[in-house]
Amino acid sequence: MGLMNWEWRGRAATNGGAALLASVAAIALSAPSAHGQQAAQPAAGQQADQSKKIDEEKAAPAGATLLDKVLVISRTGETAIESLASASHVGQEQLDRRMATTPNEMLLGIPGVAAQADARRVSTSINIRGLQDFGRIAVIVDGARQDFQRSDHGTQSTFYIDPELVKSVDVIRGPVANTYGSGAIGGVVFFDTKDAEDFLRPEETWAGSVTGRYESNGKGWTTSATGAYRFNENWDALANIVYRNYDDYRHGGGDAVKGTGFDVLSGLLKTTIRPTDNSELKLGWVGSSDGWNETSGGVPVNDVDLKSNTFTARYNITDEDKSWLDLHINTSYNKTNLDLTSLVPQNRFDPATGLPIVLPAGSQSTFDVGTTGIDIWNTSRFETGGIAHELTYGGDWVGDNVKTGGAAGGDSFYTPSGKRNVSGAYVQDKLTWDWLEVIAGLRYDSYSLKDDTHETSGDRVSPRVTVGVSPFETAGLAGLQIYGTYAEGYRSPSITETLISGNHPAGVSFPFLPNPNLHPETGKTTEFGVNYKQNDIVEAGDALRLKAAYFNNNVDDFIDGVTLSPFAPGSGCPFGPGIPICFQYQNFAKAKIDGFELEGVYDAAWGYAGLSASFIDGRTISYKGAEADLATIPSSQATAQLGLRFLEDKLTFGGEVQYNGKPKGNLVAKDYTLVNAFASYQATDALKVDFRADNLFDVKYANPLNGSTTVAVYEPGITLKLAATMRFGG
């Protein structure tokens, strides 16, 4: 398949966004009373030890809490700096500073994490440590798995969540995340959306805010409105609506990148009910509606409409002391519908016969993916012989139902319909004694996958063992913790990898071959790391937090696409007129990936400084021993951040410098360095102004994950962002 170009054409004019922004500002300025935004307050009935941690965070400098925040994704209430794993947290302060337009911008500077979005900026695929697509990375929004997939060049498994709706992002890298669902051999990314308790001040019954933002590159507008209401001390609700409208952006060379404009409407509804002091129920909906044009050769060829809706229910109940009972029950349903309508006649190949046909204008293809999930776990805390135990046990199930259809020759033919069920159960014990911490766990996974003619299944038990020591008591080393981990994960083949069939749709005709005999992937990771935290180092009240890790991941039976020759004995590729090759997903003996990651922050009254880095190398090895560079290895990366505080912390400004090194074997990537600047000013209790400049020196660069091996998709050049937020309440 030749690389396709994509064009997203906003359906609302820019002057419409300007009018909306003006209206929003007028409403805000006429509000009778206003109060400044406040930090999140602890929920009623929050667990005792987490409440203690939050109290400690309030006493610590604000920037230091980057690694001191309790991870939403944690099953045992750990912070990132306490976790004996490569875990990162991005909080509301960091998200506000990044002024993200798309999901990938929220992930800036997280070590080992990259994003691929091609020209379709609002649809993102996440890469962790060189692994991505087909469920290798579990992307979760409020507990709901995001499993949408459409066969295409570039990104395969994509999701969309508007950054304005998100209050935090947690990342766990590697198969140590296997308690969070089946298949996540690369890791987990958890997006937690905003709650009313994050927005309302303690004395407020209601509050609202409006935000307007302009971006220079693509000349785009973002407008957002939020409202929250507290019915009583045990029941509150929040609603948020966001509209974005952007034209094509220009890369650092000054040329427009076709197909990068978009418009999207997103919304969030969430309510929290606390039936007792020790229980909490969260009900939520997140949705988006997108519309764009796909282009080929600069000409619009397809009109695309996409609607995504995620429904979640999360319940937590504990006993009075949170000892034996800390039960969580999460249920979710995520449905994504994509409708594609051809705008012009297109020369294609019939998927069944391979013969040339003309796909008439108005032909439709549909992609409907529904994902249902349930996740139940409990943590029991007790002591035996002076050893503290946190015993976590639970199970989960996810079902994907993929339905595609449309005209003969339509693109949906290459994303096969089918059903897949993956389930698992696990037990994990975290034992703590003085300076020693041991985590031991087992997870059982099973899967089944079928369509009208094929069916396959499998299962496996995966272990995890982690040992951490804090052997030092001297002042400078008391905060040092050293750990080692061995963990395994299990990923079943996806519907597309197993069942894809038919003939290539355009350019040249060749067949896709299904492979119902694919073996699941098994990730086996060894990791050695250090955690370090100290306070009052240079001056009273300052703080240093540091995490570093080396990892080696062997993915047995790694699955990747293979080009087959009809002349090779035993290839299974049929020989015939116009069939130069075949394409099939096959197992490799393994993929070997290793690397180093670093994340640290120093915070003091005057400001903060942060540094993160990741260096990753990877290759595939065939069953015959042939090695090749792994195409999904991201850039080696180092990101430095500096922020300064003035005017009693009302004014913060600073910058970021990020170096990106060319991955080995990538034919189009180059080394590049990006410089960003930002400023935030709380002008009054009611008005906050934010500014950001991305790619300040207008560098022309391409993400090595984007494009094919011969074509680069260039990223945005210099982009200036200016936003104003008005808040009111009572």
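# Strands, salt bridges and surface patches

Biologist: How many bridges join strand 28 to strand 29, and in which sense do they run?

Modeller: This is a predicted model, so read what follows as describing a prediction. Strand 28 and strand 29 (residues 582-587) are joined by six bridges and run antiparallel.

Biologist: Which residue stands opposite Phe 583?

Modeller: Thr 563 does; Phe 583 itself is in strand 29.

Biologist: What sheet do those strands form?

Modeller: An open sheet of four strands in the order 24-25-29-28, with mixed pairing. Strand 24 (502-503) and strand 28 (559-564) are its edge strands, and each of them pairs on one side only.

Biologist: What about strand 3, which residues are buried on its faces?

Modeller: Both faces of strand 3 (residues 113-116) are covered. Val 113 and Ala 115 are buried on one side, and Ala 114 and Gln 116 are buried on the other.

Biologist: What does strand 3 pair with?

Modeller: Strand 4 (residues 125-128), in the antiparallel sense and over four bridges. In that pairing Gln 116 stands opposite Ser 125 of strand 4.

Biologist: Changing topic. How many salt bridges does the structure hold?

Modeller: The structure holds 45. One of them links Lys 430 and Glu 78, with 2.7 Å between the closest N and O atoms. Lys 430 lies in strand 20 (residues 418-433) and Glu 78 in the loop between helix 2 (48-59) and strand 2, so this pair ties together parts that are 352 residues apart in sequence.

Biologist: Is that pair buried or exposed?

Modeller: Buried at both ends. Lys 430 has a relative accessibility of 12%, and Glu 78 has a relative accessible area of 11%. Each value is under 20%, so each residue counts as buried.

Biologist: Which residue does Arg 727 meet in a salt bridge?

Modeller: Glu 204, at 2.9 Å from N to O. Arg 727 lies in strand 37 (residues 719-729), while Glu 204 is in the loop between helix 4 (196-199) and strand 9 (206-215), so the pair ties together parts that are 523 residues apart in sequence. Both residues are buried.

Biologist: How far apart are the closest N and O atoms of Glu 280 and Lys 282?

Modeller: They are 4.0 Å apart, and the two residues form a salt bridge. Both Glu 280 and Lys 282 are buried. They belong to one network, joined by salt bridges that share partners. Its members include Asp 142, Lys 167, Asp 236, Lys 270, Arg 274 and Arg 314.

Biologist: On the surface, which residues gather in the patch of negative charge?

Modeller: Glu 233, Asp 277, Glu 320 and Asp 321. Asp 321 sits in the loop between strand 14 (299-318) and strand 15 (326-342). With 64% relative accessibility, Asp 321 counts as exposed.

Biologist: Which residues form the nonpolar patch?

Modeller: Phe 691, Leu 696, Phe 697, Ile 718, Leu 720 and Leu 722, with about 530 Å² of accessible area together. Leu 720 is in strand 37 and is partly exposed, with a relative accessible area of 36%.

Biologist: Last one: where is Ala 548 found?

Modeller: In strand 27 (residues 543-556). Ala 548 is buried, with a relative accessible area of 14%. Ala 548 and Ile 482 are 66 residues apart along the chain, and their C-alpha atoms are separated by 9.8 Å.

Methods
Residues are numbered from 1 along each chain as its sequence is written. This is a predicted model: local features need pLDDT of at least 70, side-chain atom pairs count only at pLDDT 80 or more; totals for chains, interfaces and linings use all residues. Side-chain values use heavy atoms; hydrogens and water are left out. Patches are made of residues with over 30% relative accessible area and no salt bridge: like charges are joined within 9 Å, nonpolar side chains (Val, Leu, Ile, Met, Phe, Trp, Tyr) within 5 Å. Accessible areas come from the Shrake-Rupley method with a 1.4 Å probe; for residues, only the protein chains shown count as cover. A salt bridge is a side-chain nitrogen of Lys or Arg within 4 Å of a carboxyl oxygen of Asp or Glu. Lys and Arg count as positive and Asp and Glu as negative; His and the chain ends are not counted. The place of a charge is taken as NZ of Lys, CZ of Arg, CG of Asp or CD of Glu. Helices (H or I, at least four residues) and strands (E, at least two) are DSSP runs, numbered from the N terminus. Buried means under 20% relative accessible area, exposed over 50%, partly exposed in between (1.4 Å probe, protein chains only). Two strands pair if DSSP finds at least two bridges between them.
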